[in-house]
Amino acid sequence: MKQSYYLYKSGRLQRKDNTLEIIYKDNTKKSIPVERVDDIYIMTELDFNTSLLNFLSQFGINVHFFNYYGFYTGTYYPKEALVSGKLLIKQVEHYNDKEKRLNIAKAFIEAASYNIYRNLTYYNNRGKNLKDYMTEIDYLRKQIKLCKNVPELMGIEGNIRKVYYDSWKIIINQDIAFEKRVKNPPDNAINSLISYVNTIIYTRVLSEIYKTQLNPTISYLHEPSERRFSLCLDIAEIFKPIIADRLIFSMLNKRQITEKDFEAGLNFTYIKDEARKSITREIDLRLQTKIKHKKLDREVSYEYLMRLEVYKLIKHLLEDEEYEGFKMWW
């Protein structure tokens, strides 16, 4: 089975026959059969050359880069092996048609906000008094269908997120300061966690999109940009509450992560190396966890749910089936 590989130790990454070989600075080595690699996360300084990138491209392996502080800096995205002119035209048509674009964007927010509400329900049923937040989010969710354009929809989404993040002080058992969401750069422990885990979800969605004929730069909720794969941001909205937020709540409430695992820099806070490793291990465990899918009537992993979401969007664009974002039932 293919899997994601996280590289934390400095050294050199090179090709050796049909194998990826990592030569660490202490001269120890590790070999990885390329057939087992889904994507690679480089979390440190690592030397490699264009020959390696060409080799990775043959196998369609994405490489995601993070800097010294664990902040995402970009992705090496190989040339698509799967290309469809018909699908590309449909993607652009649905972006240019304001009504079609808005319908897709609403579906993303409808599903994402529902999953947020389910998180609140889950913790409310476990002794956390979240009813006021649930009432407010329920009211805001009813406004989604009334939105007349994407900026208005993004405003509703922002308000839902604000209420949701306000509830975290009740959900999280640790006394960690968290007044509001700050992204660039994150200014406290909670914001650092959110940014880091959300980025992993974003890059996993990107890897799933690469396995299809979709163009990741054409999006519907977030505005397309020259410097980002914005469609990944759209789809990731659905899975952040399900995977990222639940993981953050669990790790903090079980004290697998505490404020000792963070370090303050100049106007930002970052996660220490060992804590980042623990977080990525937990993310991988959750992504491979299987649930019984109601519609398919079989067990599928959380990671496969992302792939299904991409295929559902393709069916919608080709006008085979109306798109509805994934909503959790647990």
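## Pockets, sheets and a helix pair

The largest pocket of this structure has a lining of 35 residues, and those nearest its centre are Arg181, Lys183, Asn184, Thr199 and Leu233. Please keep in mind that you are looking at a predicted model.

**The largest pocket**

- The space in the largest pocket comes to about 1,100 Å³.
- Several elements contribute to its lining: β8 (72-76), α5 (150-166), α7 (189-210) and α8 (230-253) each provide at least two residues.
- Sorted by class, the lining of the largest pocket holds 14 nonpolar, twelve polar and nine charged residues.

**The second largest pocket**

- The second largest pocket has about 530 Å³ of volume.
- Its lining is made of 18 residues, and His293, Lys295, Lys312, Glu321 and Glu324 are the ones nearest the centre.
- Helix α10 (residues 302-317) is the element that gives the most to this lining, supplying six residues.
- By class, the lining of the second largest pocket splits into nine charged, seven nonpolar and two polar residues.

**The sheet β4-β3-β2-β6**

- This open sheet has four strands in the order β4-β3-β2-β6, and their pairing is mixed.
- At the edges are β4 (29-33) and β6 (46-47); each has a single partner strand, so one side of each has no neighbour in the sheet.
- Strand β3 (residues 19-24) runs antiparallel to its partner β4, and five bridges join the two.
- If you want a residue pair to find in the structure, Ile23 sits opposite Lys29 of β4.
- The hairpin of β3 and β4 has four residues between its strands, and Asn27 in this hairpin has a positive phi near 75°.

- β1 and strand β5 (residues 37-42) are paired in the parallel sense, over five bridges.
- Within this pairing, Tyr6 has Tyr41 of β5 as its bridge partner.

**Helices α4 and α5**

- Helix α4 (residues 131-141) packs against α5 at an angle of about 170°, and the two axes are 10 Å apart.
- Angles over 145 degrees count as roughly antiparallel, so α4 is roughly antiparallel to α5.
- From α4, the contact is made by Tyr133, Glu136, Ile137, Leu140 and Arg141.
- From α5, the contact is made by Ile156, Asn159, Ile160, Val163, Tyr164 and Asp166.
- The residues of this contact fall into seven nonpolar, three charged and one polar.

Note on methods:
Residues are numbered from 1 along each chain as its sequence is written. This is a predicted model: local features need pLDDT of at least 70, side-chain atom pairs count only at pLDDT 80 or more; totals for chains, interfaces and linings use all residues. Side-chain values use heavy atoms; hydrogens and water are left out. Two strands pair if DSSP finds at least two bridges between them. On a 1 Å grid over the protein atoms alone, a cavity is a set of points where a 1.4 Å probe fits but cannot get out, and a pocket is an open set with protein on both sides within 12 Å along at least five of seven lines; lining residues have an atom within 4 Å of a point. Grid points are joined across faces, edges and corners, and a volume is the space filled by probe spheres set on the points. Ala, Val, Leu, Ile, Met, Phe, Trp, Tyr, Cys and Pro count as nonpolar, Asp, Glu, Lys and Arg as charged, and the others, Gly among them, as polar. Axes are lines fitted to C-alpha atoms, for helices over the stretch in contact, and angles run from 0 to 180 degrees between N-to-C directions. Angles under 35 degrees count as roughly parallel, over 145 as roughly antiparallel, 65 to 115 as roughly perpendicular and the rest as oblique. Contact means heavy atoms within 4.5 Å.
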